[in-house]
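Me: I'm new to this structure and would like to learn how to read it. Could you take me through it feature by feature?

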Amino acid sequence: MEKRPSGDPSLCGQCHDEIAANFRKSLHYTTTGLKSGVSPRFSKEEAGTFAGKVFPKACNSCHASCGDCHLKSPAIGGVSAGLLQRHRFVKRDEGKTCALCHGGRVYPEFTGEYGGTPDVHYQKGMICLDCHSKSESHGDGSVQASRQERKERPSCAKCHPPGKETSEKAKSAHAVHGTKLSCSACHSAGPYRNCYDCHLGKGAEARPGFILGRNPRDPKTVTTLRVIPTVRDTFASAGIRMEKYDALPNYWGTAPHNIKKRTDRTRSCESCHEEKELFLRKEVLLPGGSKANEGLIAVPKSLK
Amino acid sequence: MKLWKRVLPILVLALALPAVSSALDLPKIVNTDWLEKNGADPAVRIVDIRKPEEFKAGHVPGAINVFYGAWAVKRNNLDNQLPEDEELLELVQDSGIEKTTAVVIVGKADTTTDQVNLTRVAWTLRYAGVAKVGVLDGGFNKWSADKKPMSTDAGKAAAAKGKTSPNRPYLAAKEDVLAKVGKATIVDTRMPDFFFGVSKLPFVARAGRIPQSVNLPSAWIFTKEGAFKPMEDLEAMAAGVVGKDKAAEVLVYCDTGRLASGWWFVLSEVLGYGNVRMYDGSSQEWAADAKAPMVKYTWK
């Protein structure tokens, strides 16, 4: 019996040729985003070792198949929740598909099951594909190195354009902070999952946290940061020392899916400008972390 | 003049319509036949509190989806709390609910938690100042089992014109409960082993109960199918533990303010006890305060 009939999109491509052709190049299929995310830490030689030894066995071993989203729940840790609607193919069933592969951080934060309150969009009946386009799932035919290169991406401003605020307070807050902060910096409801010490020997650990700092991709903007659990010896067993480990920080800009209209930061200027404890500071940087981390420190101006 | 004569009756009817709708008699425990017959009435708003994924798969025609987690949030490290008034009243308004709207809560009824989620949202809406709130008996499970019509539409509502106002007498704070120990009837709605103090949930700091409280578990309100038990059984249980004086002051609590809503709903809304408040912070808040008295290993 064929274990993953749609593991190769050719079968589905017999009828859905355009989708299958796009999907072959999509990040869901290639998982290239995982490679792109860590590669700047490697020397040329290490990059070759990673591409040959690590990537195919680890990151790329769990790429999505057509059936993982349209027929049965994807297997996580070798276990699948089974068929979605008996043997019927379905267009979408995000709670049983997206939710499982993205079930470590995104989905439980979105539904409030991670320990906070549900994202306001979930509260109002919206789920994954109400914001994320089909082209994000299937690809658009172009080869992309990471999510950042996608043409169609969710954007808060698409539905909430600046200038359309109903209150003067929101209007002025957005006018003052709009180009300096990401939306999530103010509207993320609270702690989200951060993973630490991947492959450090004592095992990885996940704990809630809320970190504000400069966006590594756009240092002029302050955003919510999430810890990247890659430590110096994550790939040591494959003979990769990560010679350029300090090229990337240990924190990466993130869009926590726990958005609320009102948060402590939208209610009070003091929570950022006086208390400041949510901001990345030298004394809380990860011990032994990347030298690039210090570049993410942002100190908000005092109100006085 | 002739035109006026023709227009006048239409005008009178048009003016009378809202009055007819707002006079709709909403049962507190709504059965599936009533909802099928009246669900499309403009005075009725059906609020489905299941997860959006479940709602999208099929729901009562005309229902809107406002997930349970929107009505009961984590605040100050306490689970299942009222949202801040400003947020709650905005949520009610965004759900197209006016003070006089007849709201029917629909949700799952598989477990006791599911069942009291319905009554917890009913309490929240009553707190928010909505006058008429009913709960679908047996929840969506019964609607589905009765093979009632299903819809997969988007289920959106236009926002209400105005905001409601909070109805604070439904809510008790820790200080209120402390002041009423030995004076009001305090009802612990958890299961007997929690009341007795041999069990506790991990997030509750201490086992035991509020002194002089009485035990009436909310799990006993429902049948195994998730419907409300017959009225005579509910009335007898209430009379046996709370007493027959419907003017007596009653405070209900549990671990987080969710289970307790079951007996709040039955006592206050169904049986007509006139002075019933729910302690939203419940044991999670009470037991965390070392000064708050607790007793255990006794039934009295």
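This is a predicted model: local features need pLDDT of at least 70, side-chain atom pairs count only at pLDDT 80 or more; totals for chains, interfaces and linings use all residues.

Reply: Helices (H or I, at least four residues) and strands (E, at least two) are DSSP runs, numbered from the N terminus. With that in hand, strand 1 of chain B and strand 7 (residues 132–136) of chain B pair in the parallel sense over two bridges. Residues are numbered from 1 along each chain as its sequence is written, chains are lettered from A and ligands numbered from 1 in the order in which they are written, and side-chain values use heavy atoms, with hydrogens and water left out.

Me: What does "buried" mean, and how many residues of strand 7 of chain B are buried?

Reply: Buried means under 20% relative accessible area, exposed means over 50%, and partly exposed is in between (1.4 Å probe, protein chains only). Strand 7 of chain B is mostly covered, with four of its five residues buried.

Me: How many residues of helix 5 of chain B are buried?

Reply: Seven of the 10 residues of helix 5 (residues 85–94) of chain B are buried, so this helix is largely enclosed by the rest of the structure. The buried ones are E87(B), L88(B), L89(B), E90(B), L91(B), V92(B) and Q93(B). Their cover includes helix 15 (264–267) of chain A, along with helix 4 (68–71) and helix 6 (112–127) of chain B. Just after helix 5 of chain B, G96(B) takes a positive phi of about 75°.

Me: What is the strand order in the other open sheet of chain B?

Reply: That order is 8-12-11-9-10, five strands with parallel pairing. Strand 8 (171–172) and strand 10 (214–215) of chain B are at the edges; each has a single partner strand, so one side of each is left without a neighbour in the sheet. Inside the order, strand 9 (residues 185–188) and strand 11 (residues 250–253) of chain B run parallel, joined by four bridges. T185(B), for example, has V250(B) as its bridge partner in strand 11 of chain B.

Me: Which helix packs on this sheet?

Reply: Contact means heavy atoms within 4.5 Å. Axes are lines fitted to C-alpha atoms, for helices over the stretch in contact, and angles run from 0 to 180 degrees between N-to-C directions. Helix 11 (residues 260–270) of chain B packs on the sheet, touching strand 11 and strand 12 (276–279) of chain B, and its direction makes about 150° with that of strand 11. V266(B) is in helix 11 of chain B, and counts as buried at 0% relative accessibility. Leaving out residues up to four places away in sequence, V266(B) touches I221(B), F228(B), L234(B) and L271(B).

Me: How many disulfides are there in the whole structure?

Reply: A disulfide is a covalent bond between the sulfur atoms of two cysteines. The test is a pair of cysteine sulfur atoms within 2.5 Å, and a search over all chains finds zero. For C159(A), the nearest cysteine sulfur, that of C131(A), is 6.4 Å away. C159(A) counts as exposed at 64% relative accessibility, while C254(B) counts as buried at 1%.

Definitions and conventions:
Two strands pair if DSSP finds at least two bridges between them.
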